[in-house]
Amino acid sequence: MIIINYDLYMCDRCGKDEYVRQNSTNTWHKINRVNNMGSKVENLLCDTCYSAYVPLVKAQDKAYATFLSNIAVSGEVR
């Protein structure tokens with residue numbers, strides 16, 4: 001079988017796969033994050049897994065903002 005102008009997308013979380021026409025708008029999301037070692041990690045998520053990912057990132061953003069705001073001048077946690 002030859003499929004022209006399509007790419008095979010596979011979710012890095014759940015394994016769902018789908019053939020997507022090149023240059024089309026689709027419901028797949030390429031995400032980038034930096035791990036605790038400072039390395040960039042890129043993943044592809046389907047729309048369902050992306051919907052579960054967004055609240056996680058929002059919670060992490062909130063925790064990070066709290067972390068940054070809780071340092072006293074001496075370096076001690078307030």
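Is A52 buried, exposed or partly exposed? A52 counts as partly exposed, because its relative accessibility is 40%, and the scale used here calls a residue buried under 20% relative accessible area, exposed over 50%, and partly exposed in between (1.4 Å probe, protein chains only). The model is a predicted one, in which local features need pLDDT of at least 70 and side-chain atom pairs count only at pLDDT 80 or more, while totals for chains, interfaces and linings use all residues. Residues are numbered from 1 along each chain as its sequence is written, and side-chain values use heavy atoms, with hydrogens and water left out.

A52 sits in helix α1. Helices here are DSSP runs of H or I with at least four residues, strands are runs of E with at least two, and both are numbered from the N terminus.

Next comes the inside of the model. The largest nonpolar core has nine residues: C11, V20, W28, I31, L44, L45, C46, C49 and Y53. Such a core is a set of buried Ala, Val, Leu, Ile, Met, Phe, Trp, Tyr and Cys residues joined through side-chain atoms within 4.5 Å. Strand β4 (40-45) and helix α1 (47-69) each supply at least two residues of this core.

Y53 is buried because its relative accessible area is 18%. Once neighbours within four places in sequence are set aside, Y53 is in contact (heavy atoms within 4.5 Å) with I31, R33 and L45.

A pair of aromatic rings is described by the distance of the centres and the angle of the planes. Rings of Phe, Tyr and Trp (its six-membered ring) pair if their centres lie within 6.5 Å; planes under 30 degrees apart count as stacked, over 60 as edge-to-face, and the rest as tilted. By this rule the count comes to three aromatic pairs. One of them joins Y50 and Y53, a tilted pair with 6.3 Å centre to centre and 40° between the planes. Both tyrosines lie in helix α1, three residues apart, or about one turn of the helix.

On the strand side, K30 belongs to β3 (residues 29-34). K30 is exposed because its relative accessible area is 60%. Its contacts, not counting residues up to four places away in sequence, include E42, N43 and L44. L44 is also one of the core residues.

What makes up the nonpolar surface patch of about 600 Å²? The patch is made by M1, I3, Y6, L8 and Y19. Patches take in residues with over 30% relative accessible area and no salt bridge, joining like charges within 9 Å and nonpolar side chains (Val, Leu, Ile, Met, Phe, Trp, Tyr) within 5 Å. A salt bridge is a side-chain nitrogen of Lys or Arg within 4 Å of a carboxyl oxygen of Asp or Glu, and accessible areas come from the Shrake-Rupley method with a 1.4 Å probe, with only the protein chains shown counting as cover for residues. I3 lies in the segment before β1 (6-10), and I3 is partly exposed because its relative accessible area is 36%.

The segment before β1 also holds N5. The phi angle of N5 is near 70°, a positive value in a residue other than glycine. N5 is partly exposed, with a relative accessible area of 41%. A positive phi turns up at N23 too, near 65°. N23 is found in the loop between β2 (17-21) and β3, and N23 is exposed because its relative accessible area is 84%.

Finally, there is the end of α1. S69 has its place in helix α1 and is partly exposed at 40%. S69 and N36 are 33 residues apart in sequence and 20 Å apart in space, C-alpha to C-alpha. N70 is in the segment after α1 and is partly exposed, with a relative accessible area of 31%. From N70, the C-alpha separation is 22 Å to V34, 36 residues away along the chain, and 32 Å to K30, 40 residues away in sequence.
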